[in-house]
Amino acid sequence: MNTTPPSSPAPLPPELLAIFGRTNGHLLTEQTAHSAVDGLAEIARDIIGAAEGAGVSLFNADGTRLSVGATDPRVLEADDQQYELGQGPCMSAWLVGGPVYIADTHTDQRWQKWTNVAAPLGVRSCLSVPLLDKPAGLGAMKVYSNTVDAFSDEDRRLLINLARSASTLLSHIQATDTPQRISNDVKASLAERDTIGVARGILMERLNVDRQAAMNHLIDLATDANTTIGVMATMIAERQDDAEFTPGP
């Protein structure tokens, strides 16, 4: 007979406790949602040693993404492509309620539209786990690497434990007796996506490149300027005649 006592849940990381302390008891408003998911993405990247980037997405009951946090512009673009294409490991992890692993985006056949876009961004392997709040999921958390088969079983265990703790945090933030006040965040996200599309079109025409190359150039510009893709896209859209955003001879 096995007399080994069951293992207790892993304690919350100090960073997670700090986020909880700042947001406990509040509605999932635009401000608290962004604060929570941005902090959680950074914790996931730091805890999973092989991770070079991480992201967190929150969904409502019908699968509409409410908020997203990412550690860098390339992660954000890889994430955005999942929702634009309607497929990918993060969405699947949320739908099936379990972890999803891509060892190599160059060879995985499950979500080819997404992997065809993610691979050129430097996403070579990906581990996604759901944020579960029974009976429904709140969203998903994922880590990316530009190395093939970067994540181990131990990484999976750590990310699942972090997601479990994060779900507890987010379920406390989310008041159950009042509606989510997130519409402004959704409208802002849609507006930013439109601006990114305009900027991408400008770069495609100016550089005579395809859609993916233009997006890669936009990401590089944002990274070099230490700003977000949305801010850089706005700058390009407002300064269409400026040669600053194109490579020199």
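## About the model

This is a predicted model, in which local features need pLDDT of at least 70 and side-chain atom pairs count only at pLDDT 80 or more, while totals for chains, interfaces and linings use all residues. Residues are numbered from 1 along each chain as its sequence is written, and side-chain values use heavy atoms, with hydrogens and water left out.

## The overall fold

Let's start with the whole chain. The protein chain holds 9 helices and 5 strands; these are DSSP runs numbered from the N terminus, with helices being H or I of at least four residues and strands E of at least two. Read from the N terminus, the order is α-α-β-β-α-α-β-α-β-β-α-α-α-α.

Of the 249 residues, 45% are buried (under 20% relative accessible area, with exposed over 50% and partly exposed in between, using a 1.4 Å probe and protein chains only). Among contacts (heavy atoms within 4.5 Å) with a separation of 6 or more, 63% join residues 24 or more positions apart. The chain exposes about 12,600 Å², and carbon and sulfur atoms supply 52% of that area (Shrake-Rupley method with a 1.4 Å probe; for residues, only the protein chains shown count as cover).

## Two aromatic pairs

The whole structure contains 2 aromatic pairs. Rings of Phe, Tyr and Trp (its six-membered ring) pair if their centres lie within 6.5 Å; planes under 30 degrees apart count as stacked, over 60 as edge-to-face and the rest as tilted. Tyr101 and Phe151 make an edge-to-face pair, with 6.3 Å centre to centre and 70° between the planes. Tyr101 belongs to strand S3 (residues 100-102) and Phe151 to the loop between strand S5 (136-145) and helix H6 (153-173), so this pair ties together parts 50 residues apart in sequence.

Trp114 and Tyr144 form a tilted pair, 6.4 Å centre to centre with 35° between the planes. Trp114 sits in helix H5 (residues 112-118) and Tyr144 in strand S5, 30 residues apart. Trp114 is buried at 0% relative accessibility, and Tyr144 is buried at 3%.

## A look around Phe151

Phe151 counts as buried, with 6% relative accessibility. Leaving aside residues up to four places away in sequence, Phe151 touches several residues, including Ile48, Tyr101, Cys126 and Tyr144. The C-alpha atoms of Phe151 and Ala103 are 7.9 Å apart, although 48 residues separate them along the chain.

## One side of helix H9

In helix H9 (residues 229-238), the buried residues include Ile229, Gly230, Met232, Ala233 and Ile236. These residues lie on the same side of H9 because they cover an arc of only 160° around the axis (the arc of the directions from the helix axis to the C-beta atoms).
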